[in-house]
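Subject: Handover of a structure for your study

Dear colleague,

Please find below the structure that I am handing over to you.

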Amino acid sequence: MKKIATVFMAILLAAAMLLPQAMLAFTMNGTDNVPAGGTFDVTLSVSGEYAIHAAHLSVEYDPNSLELVGLEELDVMKNLRSGNNLVILDYETLAYQGKIKLGIGMPTDAMNAKGDIFKMTFKVK
């Protein structure tokens with residue numbers, strides 16, 4: 001499980017490095033030990049002072065160890081979808097590769113939301 005969390009954090013740090021002028025932070029929370037056959041949730045959140053008009057985020061996991069069984073859009077995603085924004089969240093097409101892709105384009109107002117983006121539910125194989 002620690003290896004999986006390390007992969008998640010490396011991806012988040014890489015995304016944050018794309019915005020050097022911003023004070024942007026992604027965080028994820030989850031459970032440390034889950035037995036085979038058990039499920040657990042991981043919530044992706046964003047915080048900090050930033051303003052962006054476009055973003056691409058990729059979350060990767062080991063599909064040989066984990067199965068994505070659910071994804072729930074939370075407050076930040078719901079707010080993005082309610083505006084005049086382009087939001088693409090793909091978690092089904094690349095699930096066999098262990099990838100979740102999020103693309104956001106805000107043509108008018110910059111994004112500066114803080115809070116929970118989405119919650120992923122995984123099953124341990």
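From the N terminus on, the elements of the chain run α-β-β-β-β-α-β-β-β, which amounts to 2 helices and 7 strands. Here helices (H or I, at least four residues) and strands (E, at least two) are DSSP runs, numbered from the N terminus. The model is a predicted one, in which local features need pLDDT of at least 70 and side-chain atom pairs count only at pLDDT 80 or more, while totals for chains, interfaces and linings use all residues. Residues are numbered from 1 along each chain as its sequence is written, and side-chain values use heavy atoms, with hydrogens and water left out.

The chain as a whole

Of the 125 residues of the chain, 39% count as buried; buried means under 20% relative accessible area, exposed over 50%, and partly exposed in between (1.4 Å probe, protein chains only). The chain exposes about 7,100 Å², of which carbon and sulfur atoms supply 54%. Such areas come from the Shrake-Rupley method with a 1.4 Å probe, and for residues only the protein chains shown count as cover. Among contacts (heavy atoms within 4.5 Å) in the chain with a separation of 6 or more, 71% join residues 24 or more positions apart.

The sheet of 4 strands

An open sheet of 4 strands has the order β1-β2-β7-β4, with antiparallel pairing; two strands pair if DSSP finds at least two bridges between them. Because β1 and β4 stand at the edges with a single partner strand each, one side of each is left without a neighbour in the sheet. Neighbouring strands of this sheet are turned by 20° against each other on average, direction ignored. Axes are lines fitted to C-alpha atoms, for helices over the stretch in contact, and angles run from 0 to 180 degrees between N-to-C directions. Helix α2 packs on this sheet and touches β2, β4 and β7, its direction making about 120° with that of β7.

Strand β7 (residues 115-124) pairs with strand β2 (residues 39-49) over 8 bridges in the antiparallel sense. Two of the partners in β7 are T121, which is bridged to D41, and M120, which is bridged to V42. Strand β7 also pairs with strand β4 (residues 66-73), again in the antiparallel sense, over 7 bridges. In that pairing, E72 stands opposite K119 in β7.

Leaving aside neighbours within four places in sequence, S45 is in contact with A25, F26, T27, G115, D116 and I117.

The sheet of 3 strands

An open sheet of 3 strands has the order β3-β6-β5, with antiparallel pairing. Strands β3 (54-60) and β5 (86-90) stand at its edges, each with a single partner strand, so one side of each has no neighbour in the sheet. On average, neighbouring strands of this sheet are turned by 5° against each other, direction ignored. Strand β3 is joined to strand β6 (residues 99-105) by 7 bridges, and the two run antiparallel; H56 stands opposite G103 in β6. Helix α2 (residues 75-82) packs on this sheet too, touching β5 and β6, and its direction makes about 135° with that of β5.

Strand β3 contains S58, which is buried, with a relative accessible area of 13%. The side chain of S58 makes a polar contact with the side chain of K101 (3.3 Å).

The nonpolar core

A nonpolar core is a set of buried Ala, Val, Leu, Ile, Met, Phe, Trp, Tyr and Cys residues joined through side-chain atoms within 4.5 Å. Which residues of the largest core touch the most other members? Of its 31 residues, these are I100, L102, M111, I117, F118, M120 and F122. Two or more residues come from each of β1 (23-29), β2, β3, β4, α2, β5, β6 and β7, and β7 gives the largest share, 5 residues. Leaving aside its neighbours within four places in sequence, F118 has contacts that include V42, L71, M77, L89, I100 and L102.

Yours sincerely

Terms used. A polar contact is a pair of N or O atoms within 3.5 Å; within protein, one must be able to donate a hydrogen and the other to accept it, and residues adjacent in sequence count only if both atoms are side-chain atoms.
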